[in-house]
Amino acid sequence: MLGLMQDWPLTVDRIIDHARSWHGGIEVVSRSVEGPMVRTTYREIHGRAKQLSNALLSLGVLPGDRVATLAWNTGRHLEAWYGIMGIGAICHTLNPRLHADQLCYIINHARDKVIFTDLTFLPILMEHRAKLDCVEHLVVMTDEAHMPADYPAALCFETLLAQHGADCAWGGFDENTAAGLCYTSGTTGDPKGVLYSHRSNFLHTLGTMGADVLGISARDVVLPVVPMFHANAWGVAFSAPAAGAKLVMPGQHLDGASVHELIETEGVTFSAAVPTVWRMLLQHLRETGGQLSTLTRVVIGGSAVPEDMVRAFRDDYGVTVTHAWGMTETSPMGTQSSPNRAVAAMDAEEQLRYRLKQGRPPLMIDLKLVDDQEHVLPHDGQATGRLKVSGPFVVREYFREAERAILDADGFFDTGDVASIDDQGYIQITDRAKDVIKSGGEWISSIEIENLAAAHPKAAMTAVVAIPHAKWDERPLLLVQLKPDERADRSEFLQFLDGKIARWWMPDDVVFVDHIPLGATGKIDKKLIREQFKNHVVQPIAAGLSPEQPNAEEAPADAPGPFPAEAAEASPARASTLTMVALSGALMGAYLWRSFGPVRR
Ligand code: ADP
């Protein structure tokens, strides 16, 4: 017997309909690409999105067609999203930080029919337009006064809207209809498309609105620094209008000064961004003595949040940090580190241990931790294994890759992350599977070392990667980007780590670099660093600090890795592994591959 409740498909046009009807006068404020601040409302955004739908229909866009956006977070971008999705077309967000070749690959793979672009990215599209064999129209998101004269074939966003009325029917299709498309950054292999449905976006919105997740309310002023062009701006472009929160769109200026100015002038209470953005803001505040007078909560994710950042927000500015984990394939919100009752009852320092973890899964996210033989591992905070995820807004299959099975027998997707889960249900990501450092058959967490090193007062940013090692297969190398005008020597950093990590985790070398390269999604580009440093020759460091000269007494009895003799003698089980390493590097490689399994991407 079926229930007798209304059939009300969960399509995302209903979100902006709701915002228009019940929060119509609430502001959406944008720092425009042309420069000035632009103030509009949900009512106006709704009307203009309908005009945009009519414009798309006039250009021949049909349900299921892909319409791409290459744009910063602005009100116009919001109008494009809702205008595209409302008529059953698919909004494909393009990440401008990708290499041009990858962008072309993605556009052609998706068969994008129309591209909406900000002025910023028009030159790159025009330069490579000969490689794009599917794009019929290019719409520049600006007004007639700012249209560049040298691209006469491009259409002007404002002119196009002005030619069309706001009378357009939205929705009326199955809630499983595709709504959005986003490609992974392709840091390992070709980018892969994740095709969101209206239903998955709607459920993700409801999930992220929960008090323990983003917890956005009608009293909030929300600043999504996290871009709409990557992983759906963590769903904020849906959850803010759904809640009726004021939205502040930062446009292209994401430096500390610009973000701070927006927070203070618009009264921002809630924001979300990757650690790099917060690092720039905190540095700006320190340099200028600035304050955060309205901000109360920030969500930080995309890569692990360093401890000093949580402390700075908490102690210096009274801002609560929620650490979050997720990925393009999970829409993207997976887990959040909001305290449960047991954690909330702990003192501040004890709570911090949990706040630094990636957090707990909310309703609609289920997690599984498995070893290489797919055995489920205990939630004891110790066992580390591959993290798998399932839920109604988790990927089932990549776009146009039906032949490739990506779920296990229970319907779980392998995230490619290595993690532990504790008895409170908090996950802790120790690494991306491909970034784990495999030393003597044991794993070293690159994330843990780099976050500890990042707390060094002279460090602006740090990265730890594996470098090849004849005996131990791989060893950690620490890269440090110093703060401006700072000088340091390598031993300072090793001294700083001494006692905070196991001796055999100590980096073999420290290299000072001008810039740590970031990938298209703002994460440290470890693939590139590994490539750059694959032939790095380790320089001896002052005695007593080098991991090559370990203090045997300090090494735990079962310490694996580069303290071979002692460890091997202390542990027969380890001895066999270590002997194997010594005997055959090739065999060891095979062993690691088997024990670790193929990695995602
Ligand atoms: P990409 O396109 O680079 O894969 P994603 O945003 O999908 O971009 O990347 C998701 C990955 O980012 C996760 O699988 C995980 O490795 C990493 N990640 C995300 N959030 C965190 C976090 N809070 N701590 C550590 N790693 C994280």
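Okay, a definition to start: when I say buried, I mean under 20% relative accessible area, with exposed being over 50% and partly exposed in between, using a 1.4 Å probe and protein chains only. By that cut-off His 109, at 15% relative accessibility, counts as buried.

Before I go on, this is a predicted model, so local features need pLDDT of at least 70 and side-chain atom pairs count only at pLDDT 80 or more, while totals for chains, interfaces and linings use all residues. Residues are numbered from 1 along each chain as its sequence is written, and side-chain values use heavy atoms, with hydrogens and water left out.

Back to His 109. You'll find His 109 in helix 4, residues 100-110; helices (H or I, at least four residues) and strands (E, at least two) are DSSP runs, numbered from the N terminus. Leaving aside residues up to four places away in sequence, His 109 touches Tyr 183, Phe 399 and Arg 400, where contact means heavy atoms within 4.5 Å.

Next, helix 10. How far apart are the end C-alpha atoms of helix 10? They sit 20 Å apart, which agrees with the 20 Å that its 14 residues, 275-288, should span at 1.5 Å a residue; the expected span is 1.5 Å times one less than the number of residues. Among the buried residues in helix 10 are Pro 275, Trp 278, Arg 279 and His 284. The buried residues of this helix pack against several elements, including helix 9 (256-266), strand 12 (270-273) and helix 14 (446-454). Just after helix 10, Gly 289 takes a positive phi of about 70°.

Now the sheets. Two strands pair if DSSP finds at least two bridges between them. Eight strands form an open, mixed sheet in the order 2-1-11-10-12-13-14-15. Strand 2 (37-41) and strand 15 (333-336) are at the edges with a single partner strand each, so one side of each has no neighbour in the sheet. The twist there averages 20° from one strand to the next, with axes being lines fitted to C-alpha atoms, for helices over the stretch in contact, and angles running from 0 to 180 degrees between N-to-C directions. Strand 1, residues 27-31, pairs antiparallel with strand 2 over five bridges, and Ser 30 stands opposite Val 38 in strand 2.

There's also an open antiparallel sheet of four strands, ordered 16-17-18-19. Its twist averages 45° from one strand to the next. Strand 17 (385-390) and strand 18 (413-421) run antiparallel, joined by four bridges, and Lys 388 has Asp 414 in strand 18 as its bridge partner.
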